[in-house]
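Have the sequence and the 3D view at hand as you read.

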Amino acid sequence: MTTERKPLLEIRSLTTVFPTRRGLVRAVSGLDLTLARGELLGLVGESGCGKSVSMLSILRLVSHPGRIVAGEVLLEGQDLLRLPIHAMRQVRGRQISMIFQDPMTTLNPAFRVGDQIAESLRIHGMLNGSGSSIWPFNRGRAEAERKRVVELLDEVGIAVPWEARKRYPHEFSGGMQQRALIAIAVSCHPKILLADEPTTALDVTIQAQIMDLLRRLNQEHGTSVILVTHNLALAATFCQNIAVMYAGRLVEKGSTDAVIEDPRHPYTRGLLECIPKIGATRQPLQPIPGNVPDLAELPPGCAFHPRCKKAQDACQEGEIPLVTLEDGRQVRCLLYV
Amino acid sequence: MRGVKILERLLYTIPIMFGVAVLVFLFMRMTPGDPVDIMMGEAGTVAPGEMEQLRKEFHLDEPLHVQLYLFLADAVRGDLGYSYAYKKPVTELIAEQLPATIELALGALLFGLIVAVPIGIWSAVKQYSVVDRLSMAGAFLGVSMPAFWLGILLILIFSVKLRWLPVTGRIDYTAGLQVVTGFYVLDSILTGNTTALVSSLKHLVLPSVALGAGTAAMVARVLRSSMVESLRQDYVILARAKGVRETWVVLKHALRNALIPTVTVVGIQVGVLLGGNMIVEQVFSWPGLGRLAVRAIFSRDFPLVQGVVMVYALTFVLANLLVDILYTYINPKITL
Amino acid sequence: MQTTQTTVPWWYPLALRLRIWATNAAGFLRDLAGHPIALTGGLVVLLYVAMAIFAPQIAPHDPTKGELLRRLEPPVWAGGSMDYWLGTDAQGRDLWSRIVFGSRISLWVGFVSVAISAIVGVLLGCLAGYFRGALDEVLSRFSDLLLAFPYLIFAIAVMAFMGPGMTNLLLALTFKGWVEFYRLARGEMLSEKTKEYVAAATAVGMGHLRIIVSEVLPNIFHSVLVLATLRLGVMIVTEASLSFLGLGIQPPTPAWGSMVSEGRDYLTTSWWVSTLPGLAILILVLAINVFGEGLRDILDPRLKIE
């Protein structure tokens, strides 16, 4: 379906490590991922598998002592990892935006919500083409800014936006906080939105609303979205394509229907068996045995082999290549080599 | 809304000040023996005929509760009694000396903040660097250093050995300053007297450093630890993800939140500054309230001691009120 | 119900706790060894304590009698003699001996005033936090009132009205000093009270005082210890400041604060008279604070800089 489009974002063998006392933690190792214009891509995996770190790596926001040691992040052909820092700042929030897991701690508690949205507009000179400045001393621009902030708040579905912009984050409910964060993220019409577990901290009913909002933004503005989640069911309902990560590596990627109906990688299969199906006959859920491996001491070969039902001796050694199957599906498993 | 709350807090200081007055009164009466006799014995400057008059003035012939009532009634009208050592009303004496004390306290606070804020921020950003470790060791030293000893060291180095700065007083009288407000630095500017400005600033430097060093150390420590904390928060990552410059990530997003605990500590420091004032004024012969109080104590000029202590308490309470109000502007989660 | 309760003596939980402490003491010392700076601080404090206890044995001269002919002699490294290795003051008294004896005043005043403050404050705080009501109301208002005075101002005022002397000095320092402990204990008590073990103790029919003494007190012990250490430095500086103003211990008894004050007149010619006793204060207070910080890191990481 999406194979013919030229990718908007292309990640090539991205590797991010964290030196720790116990050794080098390879949070992301050799990640390859492409995102097309207008695509809704789900990035799925258990917590601690490197999903969030890969998102932060795209924006080069991995906090100390984490480091990106290899790879390329090509945005429309330009490698972000080699951009000078000032040019990188032009990408952040303008080309690629991010929304985070916990809106409560992500919004700055000391500033009004409206000002936090306006800051993005100002930094990227989104008003009257005036240069980027953080000083709001221009009256005409202040007026335009207010108007735009209200528009944005309205767009993300916050009631009474002209009042809401003057509120502080702690005066918002969790759902409203996440909406405000989305307003910040989309304020400069970014091409890509990285949504890192955007609904994990919210009630189920709010979850659905937020996902609807993201879908609407995708349809109306053509914003591509990478939805990072541990919830395969959520990704399945929202995304066109799904990528599954395990222990810092991509293990499977394909269209949602294909991945859900015919998972190829044993890990993906295991994940699917963990999801209760409403209406299905009562079957015991099948948890995947064992635990997520320690990223500082990854088992050799396929990181999943200690938990895999179909493991062979060959799984324990060497690098397992990512194979592209005839239907365009990518799988990293010896069964398909 | 905020106005009403501020007024409420202001009203709340009234019972506190009332309690302060009662406490001061009780202390005075706890003094062993007849205060008038003691005063006479120490001062020896009052004619015997005045004894009775003094007794009356202190209302010592009345029962205790009546004495308390009369004392409070006078205090409310702004009458803190009469200093017989200076032969002047206490309020007048205090009004004369208060600007000097406030000037010194402000100088110290200014010094403290100018030193502490950059150090606190820098140390947090460059946590565990050499600069950070040295600064924090210095801050530890500053917290442990008695103000009077630091004052003496400063005099020894900068006045006695290097002869850069004057030892005592507020100004050279040859500068010919015309006093307007009592704040010499301000007066020099108002009257356009450059010589006086230079002289008063020179006199202000060492006492401000001696008094402000502890504050600088304390504020630097707190600011550093709260900056480290807020630099770790998610909102800092959001700010970076928005494309905010690192300078502004630190100075706006992180600092704004780190100021919240810091302001609380500055509030506590106001009390330390006022107390330290007495000591530092003594070291530098700074003609302020503290020196006045110490002299009054040694001449057993009880009405003056009483008055000065109450003014100190009032200043402290008001300064804390100011900090509380400031706090509501800095921390949106708190409304007085 | 009542009969089962009497089989365990009331002090039993306390004794049990003491045993746990004894076991923990080894662990604590190990933790302290991992804090070399704090350990150094603790050792320096111990050194000072030893100096105070054995002052008559350590001091080579009488701290109150001077040799006027040898007045204002410089320390040995500045051209003085080994007889008076830290030099002499304006009355020809040995500075070293006076500093050694001065540690007695500082440490005694510091330890006693902190101890009284802690006992009074913790006791009242526990009672107020446990029983609430009028007692809590009165004590809390009174402590608010005391907080309206800056610390030193308060002590100076008390000394001014009551006159100098050791008893008055201790009174002046503790009259306000208990407030910090009161607030700590009251706050801790309020939060401890909501925890299960207090409810459990009430459920088995333990008396109020017994709950406070044997259940809650041991749980707030660490916080109190840390606060006490940090207050110790403040008290010692306050005492020195009072002595500096001439409101503390009266001459000729050597107190560091008054020694600094006496030396001021000779600053231009004999810097050591004033600065060396001050250095003694600085090192002691620094050691106490360093130790206190380490103690806090080890025992009670929740207590942050006030």
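Before we start on the sheet, one working rule: two strands count as paired if DSSP finds at least two bridges between them. Also keep in mind that what you're looking at is a predicted model.

Now to chain A. Eight of its strands come together in an open sheet with mixed pairing, and reading across you get β6-β7-β8-β3-β9-β10-β12-β11. The edges of this sheet are β6 (96-99) and β11 (323-324) of chain A, each of which pairs on one side only.

Next, pick out strand β3 (residues 40-44) of chain A and its partner, strand β9 (residues 241-246) of chain A: the two run parallel and are joined by four bridges. Across this pairing, L43(A) sits opposite A243(A) in β9(A).

Helix α7 (residues 174-186) of chain A lies across β6 and β7 (192-196) of chain A, and its direction makes an angle of about 170° with β6(A).

Time to hop over to chain C, where two helices meet. How do they cross? Helix α7 (residues 151-162) of chain C and helix α10 (residues 208-245) of chain C have axes that come within 11 Å and cross at roughly 50°, so α7(C) and α10(C) are oblique to each other. Their crossing is right-handed.

And which residues make the contact? From α7(C) come Y151(C), L152(C), A155(C), I156(C) and M159(C), while α10(C) brings T238(C), S241(C), L242(C) and L245(C).

Notes: Residues are numbered from 1 along each chain as its sequence is written. Chains are lettered from A and ligands numbered from 1 in the order in which they are written. This is a predicted model: local features need pLDDT of at least 70, side-chain atom pairs count only at pLDDT 80 or more; totals for chains, interfaces and linings use all residues. Axes are lines fitted to C-alpha atoms, for helices over the stretch in contact, and angles run from 0 to 180 degrees between N-to-C directions. Angles under 35 degrees count as roughly parallel, over 145 as roughly antiparallel, 65 to 115 as roughly perpendicular and the rest as oblique. A crossing is left-handed if the near helix is turned anticlockwise from the far one by less than a right angle, and right-handed if clockwise. Two residues are in contact if their C-beta atoms, placed from the backbone, lie within 7 Å.
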